[in-house]
Amino acid sequence: MEVEELKKKFLFDKEEDNEKKLSRSTMDNMLEACIILGYDWRYLYLNDAAVKQCRRPREELQGKVFTEVWPYIENTKVFSLMKDCLGNRTPYSYVNEYEFPDKSIGWFDLRIQPIPEGVFILSVDITTRRKAELKLQESEKRLIHAQYIAKMGDFTLEFETGKVTWSESLCNLLRYKQSDVIDYNRLKSKIIHPDDLERVTKWLNDSVTSGKGTLPTNEYRLICKNKKVIYVRTLGIIQKKDENVTLLFATVLDITKQKLAEIEVKKLNRELEQRVIDRTKQLERMNNELKVFSYSVSHDLKAPLRGIDGYSKLLLEIYSGDLVEEAQLFIRNIRESTIQMNQLIEDLLTYSRLERSVLSMRDIDMQKFIDDMLNLYQNEIKDKNISINIDISNSIITTDQNSLSLALRNIIENAIKFTAKEENAQITIGMSSTKFYDTIFVKDNGIGFNMEYHDKIFDIFQRLHHVEDYPGTGIGLALVAKAMHRLNGRAYAKSEPYNGATFYLEIPKIPVL
Amino acid sequence: MSVKEIRHLIMLIEDNPIDVDLTVRAFKRRKLINHIQIVRDGEEAIGWIQKWKDGESLPVVILLDLKLPRIDGLDVLRAFKKENPLRSVPVVILTTSSDDRDIRAAYEIGANSYIVKPVDFDKFMRVAEHIELYWNVINKTIP
């Protein structure tokens with residue numbers, strides 16, 4: 001209720017004391033605090049609401065001097081207004097913030113009015129409202145801060161009308177004033193990067209027409225007022241304001257840093273890919289050089305060897321009569337070495353050829369395969385009187401025939417070689433299968449080896465015996481291991497010295513691709 | 001007519017002097033007395049194309065090494081197989097290389113045989129004998 005009205009209705013008719021009493025009784029029941037101070041600053045009147053607002057008993061107020069009741073009040077703005085009102089009869093409106101002795105703070109909306117008796121003060125306690133306002137301001141401030149820190153903002157867009165409002169933080173982000181931002185349709189070509197405009201427009205249209213409540217995430221470029229281009233990510237919600245108007249509420253997150261990092265990563269990836277290509281080419285070149293090298297080994301090492309062999313042979317044949325026994329022995333040893341070196345070169349070439357050969361998977365009938373293979377050695381088997389046992393049921397293995405053949409040939413040759421000094425040489429060739437592997441084994445009753453060396457024997461140039469006892473180049477089992485490795489299988493052996501050895505070729509059932 | 005009087009010509013294109021000497025000896029020891037024309041590099045071999053055109057008699061068989069100085073054996077083969085009637089003279093590749101790619105390339109260009117030179121001299125002599133027997137005696141050339 002307006003003070004003027006109050007005054008008119010209830011107050012200060014000196015002549016009408018009854019009426020004054022009546023108006024005071026009206027004030028008594030009011031929720032607003034009503035106070036009348038006399039020219040001597042004494043409280044002439046306080047209603048209950050006023051007593052309550054003062055947070056002191058009525059006795060400490062009624063009839064007491066205002067400045068004594070409230071020490072230090074004389075230095076305050078509100079006091080100077082009251083004083084001015086008393087003296088110069090000027091009315092004031094003022095929101096007073098007051099700290100009570102218990103340090104709590106109250107806010108009061110004051111109307112200070114001159115009246116014949118002195119000054120009338122109508123005070124409304126607005127503490128609760130003010131606190132709520134402050135809280136709201138605080139949370140708005142926090143939101144702005146949070147958005148500022150997160151480099152984000154938000155906007156509301158009326159889709160059909162193009163009416164758009166940006167949050168303060170979005171304005172900050174894009175360096176626009178809120179007053180610049182009114183009509184999205186006029187603004188869009190200015191703020192959305194030309195390369196992204198079509199896509200953004202389609203995205204908004206599709207999202208609205210989809211009838212779904214969400215605006216799916218999208219990333220695009222915006223142009224700030226200072227022409228700087230930033231990358232943003234937007235997601236939001238879509239609501240119907242009414243039948244004709246759709247509201248889009250969305251956040252805008254500045255992702256420039258991430259985007260630039262992403263672009264950098266992509267660039268680095270491309271460079272890395274290029275480097276891989278370059279390195280692969282380099283490797284291919286080196287690999288080719290290696291192939292040429294092995295060709296040279298074949299050609300250039302063998303030619304002089306042929307000379308040594310040829311001329312030593314001619315020497316023995318033509319001039320053996322002129323040579324003493326020892327000289328003839330020397331020449332035989334030279335020829336022996338030649339043969340060995342030739343074998344070494346052959347084995348090395350096989351080894352390097354194996355590395356480059358292409359696998360070709362096919363079904364192999366193992367029974368026939370092993371029979372054919374043993375045919376190659378039938379003379380040796382007969383000469384050395386070796387008894388051969390084959391224990392292979394009709395089974396088919398799917399694998400690369402060349403690799404398997406190479407591996408098996410070498411372990412059969414080994415079995416023949418290392419049983420050479422046995423009276424009753426026996427070789428058993430068999431096969432077993434599990435869910436994942438076929439395993440072919442070759443078991444002999446030859447000299448065997450110490451299990452300490454079971455791994456070493458598959459390394460290239462590793463020999464366990466003197467060459468004069470058991471000739472060989474030390475490449476055979478390395479070839480076996482390599483061939484099996486190429487099939488994703490493995491070769492291993494079990495043995496005891498002087499108690500025979502068993503070599504296993506484990507071949508995976510799932511063919512290598 | 002005694003064997004001695006058959007003056008069939010064998011051409012040996014080979015750069016390695018030891019291989020040349022051993023090959024010649026191998027043929028001699030087998031009492032194969034065919035005349036052997038020795039050519040020491042690819043360029044010289046190509047030069048023979050003109051000589052044949054000028055009337056030199058064609059060999060019955062050409063033994064060709066692959067790894068030759070200046071012009072490679074495969075290039076020599078390619079050049080020979082372009083010329084008529086030279087292309088009908090059988091060319092036997094006699095080389096140390098047992099490389100699959102060399103073998104394939106040689107046959108593709110038109111080699112008639114591919115023999116890997118054995119290191120063992122005994123085997124080498126057997127090879128010489130086979131070459132002589134097959135290309136000079138058994139095989140019938142264009143009359």
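Student: Which element gives the largest share of the lining of the second largest cavity?

Tutor: In this predicted model, a cavity is a set of points on a 1 Å grid over the protein atoms alone where a 1.4 Å probe fits but cannot get out, and lining residues have an atom within 4 Å of a point. Helices (H or I, at least four residues) and strands (E, at least two) are DSSP runs, numbered from the N terminus. β6 (152-158), β7 (164-166), α7 (168-174), α8 (184-191), α9 (194-210) and β8 (214-223) of chain A each supply at least two lining residues. The largest share, 3 residues, comes from α9(A).

Student: How many residues of that lining are nonpolar?

Tutor: Ala, Val, Leu, Ile, Met, Phe, Trp, Tyr, Cys and Pro count as nonpolar, Asp, Glu, Lys and Arg as charged, and the others, Gly among them, as polar. The lining of the second largest cavity contains no polar and no charged residues. Its count of nonpolar residues is 15.

Student: What volume does the largest cavity have?

Tutor: The whole structure holds 4 cavities of 30 Å³ or more. A volume is the space filled by probe spheres set on the grid points, which are joined across faces, edges and corners. For the second largest cavity this gives about 160 Å³, and for the largest cavity about 310 Å³.

Student: Which residues lie nearest the centre of the largest cavity?

Tutor: By class, its lining has 16 nonpolar, 3 polar and no charged residues. Of the 19 lining residues, those nearest the centre are A:I35, A:C54, A:F66, A:N96 and A:L110.

Student: Which residues does A:I396 touch?

Tutor: A:I396 lies in strand β13 (residues 396-400) of chain A. Contact means heavy atoms within 4.5 Å. Not counting residues up to four places away in sequence, A:I396 touches A:D363, A:I364 and A:D365.

Note on methods: Residues are numbered from 1 along each chain as its sequence is written. Chains are lettered from A and ligands numbered from 1 in the order in which they are written. This is a predicted model: local features need pLDDT of at least 70, side-chain atom pairs count only at pLDDT 80 or more; totals for chains, interfaces and linings use all residues. Side-chain values use heavy atoms; hydrogens and water are left out. On a 1 Å grid over the protein atoms alone, a cavity is a set of points where a 1.4 Å probe fits but cannot get out, and a pocket is an open set with protein on both sides within 12 Å along at least five of seven lines; lining residues have an atom within 4 Å of a point.
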